[in-house]
Amino acid sequence: MQNLFSLACGLLFGIGLSLSGMTDPQVVLGFLDLFGSWNPALIFVMASAVPVTFIGYRFVLKRQQPLCDREFHLPANKSIDKKLIIGAVLFGTGWGILGLCPGPAVASLSSLQPKVFGFVFFMILGMFVVERATNK
């Protein structure tokens, strides 16, 4: 049941990314190009996502446990440290260069674009390297 629920959530997330234009790197790059041909369309995506998330978390976290797990898995680290800053810089740099971030990249695999496959390959490789480096 948990896998089916996870699949449904992933599909809903992918559909939302596609409908919003987040899977199109040109839309994302247009949004990030503040001093060129700026495309403000993604502001509406954020303006709708933030209140939905804010309200949703209020309801979900009132529960004793999530529907499909024994406990909530929330970040324990509340500090801004070197690892967080380096990760944010790498994420932002990748997003700014290609117009892709992890969720939309996976949803964009159906486009069969070589750069999307390259991005996802190196994203997975990066996760593997970090996992190996931090679990010695």
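**Exercise 1.** In this predicted model, find which residues of H2 are buried, and say what covers them.

*Solution.* Start with the cut-off: a residue is buried when its relative accessible area is under 20%. In H2, that picks out Pro25, Val27, Val28, Gly30 and Phe31. Next, look at what sits over them: the cover includes helix H3 (41-60), H4 and helix H6 (114-134). While you're at the start of H2, check Asp24 too: one of its side-chain oxygens comes to within 3.0 Å of the backbone nitrogen of Gln26.

**Exercise 2.** Describe how H2 and H4 pack: what are the angle and the distance between their axes?

*Solution.* Two numbers describe a packed helix pair, the angle between the axes and the distance between them. For H2 (residues 25-32) against H4 (residues 82-98), the angle is about 110 degrees and the axes lie 8 Å apart. Angles of 65 to 115 degrees count as roughly perpendicular, so H2 is roughly perpendicular to H4. Now list who meets whom: Pro25, Val28, Leu29 and Leu32 come from H2, while Trp95, Gly96, Ile97 and Leu98 come from H4. Sort the residues of this contact by class and you get seven nonpolar, one polar and no charged.

**Exercise 3.** Which residues make up the largest nonpolar core, and which element gives the most to it?

*Solution.* The largest nonpolar core has eight residues: Leu17, Met22, Val27, Val28, Phe31, Leu42, Trp95 and Cys101. H2 gives the most to this core, with three residues.

**Exercise 4.** Take two loop residues, Thr23 and Leu112: is each one buried or exposed?

*Solution.* Thr23 sits in the loop between helix H1 (2-20) and H2. Its relative accessible area is 18%, so Thr23 is buried. Beyond neighbours within four places in sequence, Thr23 touches Leu17, Ser18, Pro104, Ala107 and Ser108. Now go to the loop between helix H5 (102-107) and H6, where you'll find Leu112. With a relative accessible area of 63%, Leu112 is exposed. One last thing to spot on the backbone: phi of Leu112 is near 60 degrees, a positive value in a residue other than glycine.

Definitions and conventions
Residues are numbered from 1 along each chain as its sequence is written. This is a predicted model: local features need pLDDT of at least 70, side-chain atom pairs count only at pLDDT 80 or more; totals for chains, interfaces and linings use all residues. Side-chain values use heavy atoms; hydrogens and water are left out. Axes are lines fitted to C-alpha atoms, for helices over the stretch in contact, and angles run from 0 to 180 degrees between N-to-C directions. Helices (H or I, at least four residues) and strands (E, at least two) are DSSP runs, numbered from the N terminus. Angles under 35 degrees count as roughly parallel, over 145 as roughly antiparallel, 65 to 115 as roughly perpendicular and the rest as oblique. Contact means heavy atoms within 4.5 Å. Ala, Val, Leu, Ile, Met, Phe, Trp, Tyr, Cys and Pro count as nonpolar, Asp, Glu, Lys and Arg as charged, and the others, Gly among them, as polar. A nonpolar core is a set of buried Ala, Val, Leu, Ile, Met, Phe, Trp, Tyr and Cys residues joined through side-chain atoms within 4.5 Å. Buried means under 20% relative accessible area, exposed over 50%, partly exposed in between (1.4 Å probe, protein chains only). A polar contact is a pair of N or O atoms within 3.5 Å; within protein, one must be able to donate a hydrogen and the other to accept it, and residues adjacent in sequence count only if both atoms are side-chain atoms.
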